[in-house]
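Work through the exercises below with the model open. Try each task before you read its solution.

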Amino acid sequence: MLGSARKRDKDGSAGTEDTDDDPKRDNRKRALTLCILALPLLVGFYILVLYLSNPRSPGKELRIDEFTTLLRQGRIQDATILETDNRMVGTYDEGQYWVAYSGGNETIFARLTSALEDAGVAYSVKQQPLKNLVTPVSLLLPALIIIDGLFILFLAFGRGSDGFSAFSRSRGKRMETGEAKITFSDVAGVDEAIEELVEIRDYLSNPDRFLAMGASVPKGILLTGPPGCGKTLLARGLAGESEVPFFSISGSDFVEIFVGVGAARIRDFFKVAKAAAPCIVFIDELDAVGRGRSTHSMGGTDEREATLNQLLVEMDGFESGIGVVVLAATNRPDILDSALMRPGRFDRRVAVERPDVNGRKGILGIHTRGKPLADNVNIDEVAKRTAGFSGADLANVVNEAALLAARRGATIIEQSHFSEAIERLVAGPERKTRILSPQDRHRIAFHESGHAIVATALSGTDRVGKLSIVARGHGGGFTWWVSEGDQTSITRAQLLDRIAALLGGRAAEELVTGELSTGATGDLDAAIQLARRMVTEFGMGTRLGAFTAQSLQNAALKEGLMTQAFSERIASEIDAEVQQVLADSAERARAVLVEQRSVLEALATALMEAETLEGEVLDALLLPVGGAQPVTAAVSS
Ligand code: ADP
Ligand code: MG
Ligand code: ZN
């Protein structure tokens, strides 16, 4: 994992360059060195000045009354008045003396001189012209030291490149064409999105041809879809494919605590981009700035609003003919401000969805390129077993398989490495070292068998592909469901079957041991989630009907409201519906297990013996329960 992280870092810097040019950065470094060198010099100088300004005189210190007494007694021989220091030095019959008198007091000064004159003592007044400089310098130096210190902090830690505008400089990156290229051939399973982007690429390489046709090309394209499905990758592909400059920035770079800084960054970023037109501007994670504006202002809203407004202004500020295309990506299109979707802004939306089986095959192909694969590796099979995986998950599967192969000392990656990689990613690594007590073994075997039997008996769930009582991750054992195809939509009956299958483990434990254990909490969580989504998201509740609380809530979130968007009555209806679904499903699971009690016993016994059951052995054991229609892959502990 370390290796891949480092590689990404390297890619990132090889292909990109700061918009700040190099001489500027050099100047900044030089100024920093200068400031750092100046600091000890200034401090040293200040100490010297303090030392000088602090008057020291040899001999005995006399109070002013002692001095006048001595003067009257005629024991003072001579005197020198140091004007700036407000002191007088001289000799008397016992040696040297010095007297301090309070500064700036003309009368004391006058009295002293007249007393000296009266006593007939020779005296002189020293102007101390250099000392007159000391006071202003000693005041100036601390200020200089502080300023120097601030400069050092600023130059060393400031984000921008020069002066105080540094805070507002945009942190956009310009990707250089022709280096460490990613092209559309590195992206699979999202053909529609690539088609759109190819159009943009062609337009930008020859805008005149499009303009001559009177075709209007979109100014803004929004890539939407779940994380890890290749949005950022597609943008990098476009950067690699097109011949025009490509500027990339992340929405979170615009989010600042200081009001106005984010807006200034947007302005800067677009200024640079417009100067380079025709070009592509890519804003990743747009939701960081593009979240809906609210009427209820919460902390930081003002700044975000100012930033978003600036973005809207910039997008309106150029004509579509100028050749700046704004590409943006987000995982949360539902919470974007609706103003962003108006014509002339992000008017084209491209969905980047989780890949289907063919897409997964393509993505696995891309990521296994150049890796040593055994002849027995069946990419089709891997693609089939990874329904619901995103591109990033698939990249992870390949990486994990390679790591496993290396760890086992193999020189090529085998199919078994892929299988294990998938299982590890879904359920966590096997914990072979954990020793189960006989009771736990018994309980887990029945639990997993319970899942398998309920799933097999109900037609809406997937085929059970593998059972294991070897611990993985946090779970005790696991049941592996395999799917044979992708399903884009699932019916209510199928969802209910799935919830029953999730609760099957718990039901079996209860049936056989008469007890419940903590081992089933994960299943319970998953079942509750699914039931809740049925009611609040899919509108499948019996009492609420075609009503989805989730969309109300999303709408509220867009408005910036943090409160519940539906009434208390609806909230309690939802709770009641969810409870009903769970109770019914638990009962269905129990009924199946009671009916199939003998199969349950046989399966659990076999599982305790073999620890892992799969393939024909498993199919044979489940045969009496009846065949199942496959849906999608899922795992349950
Ligand atoms: P997103 O921006 O949609 O969250 P990314 O583009 O950052 O996802 O994808 C993360 C990684 O996953 C990519 O760098 C790539 O290795 C892999 N990946 C994701 N989708 C695909 C795809 N469609 N084709 C090939 N690789 C993909
Ligand atoms: Mg991304
Ligand atoms: Zn379970």
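The exercises that follow cover salt bridges and a surface patch.

This is a predicted model, in which local features need pLDDT of at least 70 and side-chain atom pairs count only at pLDDT 80 or more, while totals for chains, interfaces and linings use all residues. Residues are numbered from 1 along each chain as its sequence is written, and side-chain values use heavy atoms, with hydrogens and water left out.

**Exercise 1. Find how many salt bridges the whole structure holds.**

Step 1. Start with the rule: a salt bridge is a side-chain nitrogen of Lys or Arg within 4 Å of a carboxyl oxygen of Asp or Glu.
Step 2. Search the whole structure; 27 salt bridges turn up.

**Exercise 2. Describe the pair Asp 380 and Lys 361.**

Step 1. The closest N and O atoms of this salt bridge are 3.6 Å apart.
Step 2. Asp 380 belongs to helix α13 (residues 379–384) and Lys 361 to helix α12 (residues 357–368), 19 residues apart.
Step 3. Asp 380 is partly exposed at 39%. Lys 361 is partly exposed at 29%.

**Exercise 3. Are Arg 424 and Glu 420 buried or exposed?**

Step 1. Their side chains meet in a salt bridge of 3.8 Å, N to O.
Step 2. Both lie in helix α15 (residues 415–427), 4 residues apart, about one turn of the helix.
Step 3. Arg 424 is at 16% relative accessibility, so Arg 424 is buried. Glu 420, at 18%, is buried as well.
Step 4. Look around the pair: a network of salt bridges links Glu 400, Arg 408, Glu 420 and Arg 424.

**Exercise 4. Where is Phe 45 found?**

Step 1. Phe 45 is found in helix α2 (residues 22–53).
Step 2. With a relative accessible area of 45%, Phe 45 is partly exposed.

Key:
Chains are lettered from A and ligands numbered from 1 in the order in which they are written. Helices (H or I, at least four residues) and strands (E, at least two) are DSSP runs, numbered from the N terminus. Buried means under 20% relative accessible area, exposed over 50%, partly exposed in between (1.4 Å probe, protein chains only).
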